[in-house]
Amino acid sequence: MPVQLQSSVVTAELPRLLWPALSRGFRRLCPQCGLGRIFSGFTKVNRTCAHCGLELHLQRADDAPPYFTILITGHLIVASMLLTEQFFSPPEWVQMSLWVPMTILVALWLLPRVKGALIGFQWARSMHGFGGHFDE
């Protein structure tokens, strides 16, 4: 009777560094390798990284990216509005024509980057979403 030997190879997982993962995520790149893209659309997360195979769909950002985007955008725009008013005192129509489009542009620019950074944070801290399935 032949004896089957099982290989007990232990693979050590590389450390997941926070700042590189945040930086890669902010640049909308895979938090693990930094080469593959996180998103297939504006904010639609790829199922896996095309370069290293990391399962990106496990990272669930949900409502956090819009919340942080609004928080950051609000602080930037309000501070800019106050400084503009204090130093230049432009008419109200100039303020409205400047800050409404600027708010929209900043929010649209930030949203995928904040979502990528949050995915990088979750990956670095080994936080995986439930994906709609709860173990009982």
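The structure is a predicted model, in which local features need pLDDT of at least 70 and side-chain atom pairs count only at pLDDT 80 or more, while totals for chains, interfaces and linings use all residues. Residues are numbered from 1 along each chain as its sequence is written, and side-chain values use heavy atoms, with hydrogens and water left out.

The protein contains 3 helices and 0 strands, where helices (H or I, at least four residues) and strands (E, at least two) are DSSP runs numbered from the N terminus. Read along the sequence, the pattern is therefore written α-α-α. Of the 136 residues in the protein, 29% are buried, a term that stands for under 20% relative accessible area, with exposed meaning over 50% and partly exposed lying in between (1.4 Å probe, protein chains only).

Helix 2 (residues 64-88) and helix 3 (residues 92-124) have axes that come within 8 Å and cross at roughly 145°; these axes are lines fitted to C-alpha atoms, for helices over the stretch in contact, and the angles run from 0 to 180 degrees between N-to-C directions. The crossing of helix 2 past helix 3 is right-handed, which is the term used if the near helix is turned clockwise from the far one by less than a right angle, anticlockwise being left-handed. In the contact of helix 2 with helix 3 there are 16 nonpolar, 6 polar and 2 charged residues, where Ala, Val, Leu, Ile, Met, Phe, Trp, Tyr, Cys and Pro count as nonpolar, Asp, Glu, Lys and Arg as charged, and the others, Gly among them, as polar.

P66, which belongs to helix 2 and is partly exposed at a relative accessible area of 37%, is 48 residues from V114 in sequence and 8.3 Å from it in space. K115, a residue of helix 3, counts as buried because its relative accessibility is 18%, and its C-alpha atom is 9.0 Å from that of F68, although K115 and F68 are 47 residues apart in sequence.

The 33 residues of helix 3 should span 48 Å at 1.5 Å a residue, and this agrees with the 46 Å between its end C-alpha atoms; the expected span is 1.5 Å times one less than the number of residues.

Most residues other than glycine have a negative phi. S126, which follows helix 3, has a positive phi near 55°. In the loop between helix 1 (18-26) and helix 2 lies R28, with a positive phi of about 65° although it is not a glycine, and R28 is partly exposed at a relative accessible area of 30%. S89, in the loop between helix 2 and helix 3, has a positive phi near 45° and is partly exposed at 48%.

Side chains of opposite charge can pair when their charged atoms come close. The structure holds 1 salt bridge, defined as a side-chain nitrogen of Lys or Arg within 4 Å of a carboxyl oxygen of Asp or Glu. This salt bridge joins R60 to D62, with the closest N and O atoms 3.2 Å apart, and R60 is partly exposed at 37% relative accessibility.
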